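Here's a quick tour for anyone opening this entry for the first time. Have a look at the picture, then read on.

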Amino acid sequence: PSGGRPLLDGAPDREARIRELLAARASVYAEAHARVVTDGVSPADVAGRVLRAYADRPLFVPLGDKSYAVRIAADGAASAADAVAALSPSSVFVVTDENVSRLWGAPLLDALAAHAKPAAAVTVLTPGEEHKRLAAVEAALTAMLDAGADRDAVVLAHGGGVVTDIGGFAASTLLRGVRWVAAPTTLLSMVDASVGGKTGVDLGPAKNAVGTFHQPSAVVASPAALATETDRAFRSGLAEVVKSACIADPELHALLEREADRVLARDPGLLAELIRRSIAVKAAIVARDERESGDRALLNFGHTLGHALEAEGGFVRLAHGEAVSLGMVAMLRVGCSLGVTDRAAADRVVRLLARLGLPTRIEDEPVSAALRFLSLDKKRRGSSVRTVLMRDIGSTFVEPMPLDRLSSLLERAAAGAA
Ligand SMILES: NC(=O)c1ccc[n+]([C@@H]2O[C@H](COP(=O)([O-])OP(=O)(O)OC[C@H]3O[C@@H](n4cnc5c(N)ncnc54)[C@H](O)[C@@H]3O)[C@@H](O)[C@H]2O)c1
Ligand SMILES: [Zn+2]
């Protein structure tokens, strides 16, 4: 009774007792929205970490012992460093690209040094999808091993979806898998690429053909970083926000309609809310279906034709979100023609997309040519496509459809027969 630790006093082997208690509580601790490491940290710094975690209002992605928190941070660099420190890593490896490193790299490296550990190596990749290749993964892994990485290392991927896909993939294969933290810097990577655990690279002509499922240990999105994103990339990311709203969040749709001007002006507080809501939609679906056997297909709303249009344009003519916007318009028309989609709701979505500067004129698109890419892709997996249709804003469902039928519905929709 001397130490005032009732759970430990009287235990013959205190350390064994501590381990036992920790094991019994581990599954509960795994669901904590924030973790603050206090070892060797000043009380003032602990208070700073607690305040940041509180201000970030972390969102929780519940995946059992692979659960993690997503922070939408006002001070992205400090919160990212906090998330890394919470993992008590043996060493920290940053993967980023030239643009992000130039614009946002210095504060992150400073914050790591101040609140976690100085980066043991920083891999600065050449930006661009054409560099999302195994060579980039090899460069990152080589830097990590050269700097003495062990199994307790943590990889911090700081950049857009290309960087988080490469950084996550490198983490999943380094010494058969180490932990990683995603610090996404584009709207697309914040609302989509960094949550869900898909990692990987392109091989030959095949996009995302080589990869793993490897959930991050934390995600820290900093809306302030979006100030430097190009207008086209930012709008492209907004298409995924509209997609999330259509899938499961009618309030998000209403918010976008009401505040379109402030959205386009990139008001950071408003962006934080859009990102939070979009991630919540994705997190709930991923939690139900981590490995994409069922519900996760909902996240592909607008993506079947979207991917085909992207491929038809050589991935240059249309940005991903622009193609998804057109794909959603097409699926809304298909839904109307089948009588499952509320026509007024469909009109609202199309108006919102146009208001956000996204393309909606599917009748001007080479849909028949694009559908040839679709059939090439699907032939490998049998001819039924898990089509996503919207009933009403915030309510979608998956309907398996023979490829031929979907193709003819899409062609008719594009021709204006809704
Ligand atoms: N893993 C997944 O679940 C998933 C989901 C969706 C998309 N993705 C992948 O994400 C990739 C697309 O992501 P992306 O659009 O973020 O591409 P990206 O990473 O190529 O970034 C686009 C460009 O913006 C620059 N950039 C990044 N942040 C910036 C900032 N804050 N300010 C200024 N410039 C900045 C980059 O250097 C790059 O030139 C694709 O490869 C796609 O396959 C993955
Ligand atoms: Zn997408």
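**Layout of the chain**

The C-alpha centres of domain 1 and domain 2 are 33 Å apart. These belong to a protein chain split into domain 1 (1-30), domain 2 (32-229) and domain 3 (245-414), with bounds that come from an automatic or database domain assignment. Keep in mind that this is a predicted model: local features need pLDDT of at least 70, side-chain atom pairs count only at pLDDT 80 or more, and totals for chains, interfaces and linings use all residues. Residues are numbered from 1 along each chain as its sequence is written, chains are lettered from A and ligands numbered from 1 in the order in which they are written, and side-chain values use heavy atoms, with hydrogens and water left out.

**The zinc site**

- Glu240 (OE), His303 (NE2) and His320 (NE2) coordinate the zinc ion (ligand 2) at 1.9 to 2.1 Å. Donors here are N, O and S atoms within 2.8 Å of the metal (3.2 Å for Na, K and Ca), and water is not among the atoms, so sites may look incomplete.
- Along the chain, the donors of the zinc ion (ligand 2) are spaced as E-x62-H-x16-H.
- Distant parts of the chain are linked by one pair: Glu240 sits in helix H8 (residues 231-248) and His303 in helix H12 (residues 303-312), 63 residues apart. Helices (H or I, at least four residues) and strands (E, at least two) are DSSP runs, numbered from the N terminus.
- Glu240 and His303 are both buried. The cut-offs are under 20% relative accessible area for buried and over 50% for exposed, with partly exposed in between (1.4 Å probe, protein chains only).

- A polar atom of the Ser236 side chain lies 2.7 Å from the backbone nitrogen of Gly321. A polar contact is a pair of N or O atoms within 3.5 Å; within protein, one must be able to donate a hydrogen and the other to accept it, and residues adjacent in sequence count only if both atoms are side-chain atoms.
- Not counting residues up to four places away in sequence, Ser236 touches Ala319, His320, Gly321, Glu322 and Leu358. Contact means heavy atoms within 4.5 Å.

**The seven-stranded sheet**

- Seven strands make an open sheet in the order E1-E2-E9-E6-E5-E3-E4, with mixed pairing. Two strands pair if DSSP finds at least two bridges between them.
- Strand E1 (59-61) and strand E4 (121-125) are at the edges with a single partner strand each, so one side of each has no neighbour in the sheet.
- From one strand to the next, the twist averages 15 degrees.
- Strand E2 (residues 68-72) and strand E9 (residues 218-221) run parallel and are joined by four bridges, with Ile72 opposite Ala221 in E9.
- Helix H5 (residues 134-146) lies across strand E3 (92-97), E4 and strand E5 (154-159), at about 165 degrees to E4. Axes are lines fitted to C-alpha atoms, for helices over the stretch in contact, and angles run from 0 to 180 degrees between N-to-C directions.

- Six of the six residues of E5 are buried, so E5 is largely enclosed by the rest of the structure.
- Val154, Leu156 and His158 point one way from E5, while Val155, Ala157 and Gly159 point the other way.
- E5 pairs with E3 in the parallel sense over five bridges, and Val95 has Ala157 as its bridge partner in E5.
- E5 also pairs with strand E6 (residues 179-184) in the parallel sense, over six bridges; here the bridge partner of Ala157 in E6 is Ala182.

- Val84 belongs to helix H3 (residues 76-85) and is buried, at 0% relative accessibility. Beyond its neighbours within four places in sequence, Val84 is in contact with Pro89, Val92, Leu112, Ala116, Leu156 and Val181.
- Thr164 is in helix H6 (residues 161-173) and is buried at 0% relative accessible area. Its side chain reaches the backbone oxygen of Gly161 at 3.3 Å.
- Ser194 sits in the loop between helix H7 (187-193) and strand E7 (198-203), buried with a relative accessible area of 1%. A polar atom of the Ser194 side chain is 2.8 Å from the backbone oxygen of Ser189.
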